[in-house]
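Please keep the sequence and the model open while going through the points.

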Amino acid sequence: MWKITEEKFNKYPSQLKVAKKILELGLCIGKDKKIYCGDVEINLSSLARSVGIDRRVINSTIDTILKDDELKQIFTNIEPSGPLLKNIASILNLGVIELEGSGEKYGILGKIAMVLSDAKLSIRQLYASDPELSQVPKITIITNRPVPGNLLQELLKIDGISKVSIY
């Protein structure tokens, strides 16, 4: 998805910034040429300020996307994924594990799930950053209870994981 977007906007760096922000936030372009988060309309001026560009670039980006069948298919069908519980996990007595590593290795999630299952932890929420959008791919896992520190070494043994943080 990101490679397609990057190729289509290679001559328009400001529009590429807008497209990336839309993808990062899970925003969607409606048929009415407006930007939405779910069914909530996003203020284009606010979006422009957050990207550090003029509002007109947002409109140009929308036009570019809607004129291209491939980009239109992507950007008109994005859905937000909901709240990430990471920052409120401690309030809710949940655990947080952040893992960094390779986005190219197979079976990492399965191995992580086995380690957590053996420790009698269930996964309440899981978020994996897109390796094409992130320089360092991360997996954030929210567990049903705080994570014991001894799992850190077990998780680091998994091929493809280079860093583990437990909160």
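The numbered points below go from the whole chain to single elements and one residue.

1. The model discussed here is predicted. Its protein chain has 7 helices and 7 strands. Read from the N terminus on, the elements follow the order α-α-β-β-β-α-α-α-β-α-β-β-α-β. The C-alpha trace spans about 50 × 35 × 25 Å along its principal axes.

2. Burial and contacts of the chain. The protein chain has 167 residues, of which 39% count as buried. Among contacts with a separation of 6 or more, 63% are between residues 24 or more positions apart.

3. An open sheet is formed by 3 strands in the order 1-2-3, and the pairing is antiparallel. Strand 1 (28-29) and strand 3 (40-41) are the edge strands, each of which pairs on one side only. Strand 1 pairs with strand 2 (residues 35-37) over 2 bridges, in the antiparallel sense. Within this pair, Ile 29 stands opposite Ile 35 of strand 2.

4. The two ends of helix 3. After helix 3 comes Gly 52, which has a positive phi, near 80 degrees.

5. The buried face of helix 3. Which residues of helix 3 (residues 44-51) are buried? They are Leu 44, Leu 47, Ala 48 and Val 51. Viewed down the axis of helix 3, these buried residues fall within an arc of 100 degrees, so they line one face of the helix. The elements they pack against are helix 2 (13-25), strand 2 and helix 4 (55-67).

6. Helix 3 against helix 4. These two helices pack at an angle of about 105 degrees, and their axes are 8 Å apart. Angles of 65 to 115 degrees count as roughly perpendicular, and helix 3 and helix 4 are therefore roughly perpendicular to each other. Helix 3 contributes Leu 44, Ser 45, Leu 47 and Ala 48 to the contact, while helix 4 contributes Arg 55, Ile 58, Asn 59 and Ile 62.

7. The two sides of helix 6. In helix 6 (residues 108-118), the residues Ile 108, Ile 112, Val 115 and Leu 116 are buried. Because they cover an arc of only 95 degrees around the axis, they are on the same side of helix 6. Met 114 and Asp 118, on the other side of helix 6, are exposed.

8. The surroundings of helix 6. The buried residues of helix 6 pack against strand 4, strand 5 (123-128), strand 6 (138-143), helix 7 (151-156) and strand 7 (161-166). Helix 6 is followed by Lys 120, whose phi is positive, near 60 degrees.

9. Glu 98. This residue lies in strand 4 (residues 95-101). Is Glu 98 buried or exposed? Its relative accessible area is 11%; since buried means under 20%, Glu 98 is buried. Its side chain makes a polar contact of 2.7 Å with the side chain of Lys 86 and a polar contact of 3.1 Å with that of Tyr 167. Leaving aside residues up to four places away in sequence, Glu 98 touches Lys 86, Ile 139, Thr 140, Lys 163, Val 164, Ser 165 and Tyr 167.

Definitions and conventions
Residues numbered from 1 in each chain as written. Predicted model: local features only at pLDDT ≥ 70, side-chain atom pairs only at ≥ 80, totals over all residues. Heavy atoms only, no water. Pairing = 2+ DSSP bridges. Helix = DSSP H or I, 4+ residues; strand = E, 2+ residues; numbered from the N terminus. Buried < 20%, exposed > 50% of the residue type's maximum accessible area, 1.4 Å probe, protein only. Arc of directions from axis to C-beta. Contact = heavy atoms within 4.5 Å. Polar contact = N/O pair within 3.5 Å; in protein donor to acceptor, adjacent residues only side chain to side chain. Axes fitted to C-alpha atoms, helices over the stretch in contact; angles between N-to-C directions. Parallel < 35°, antiparallel > 145°, perpendicular 65-115°, else oblique.
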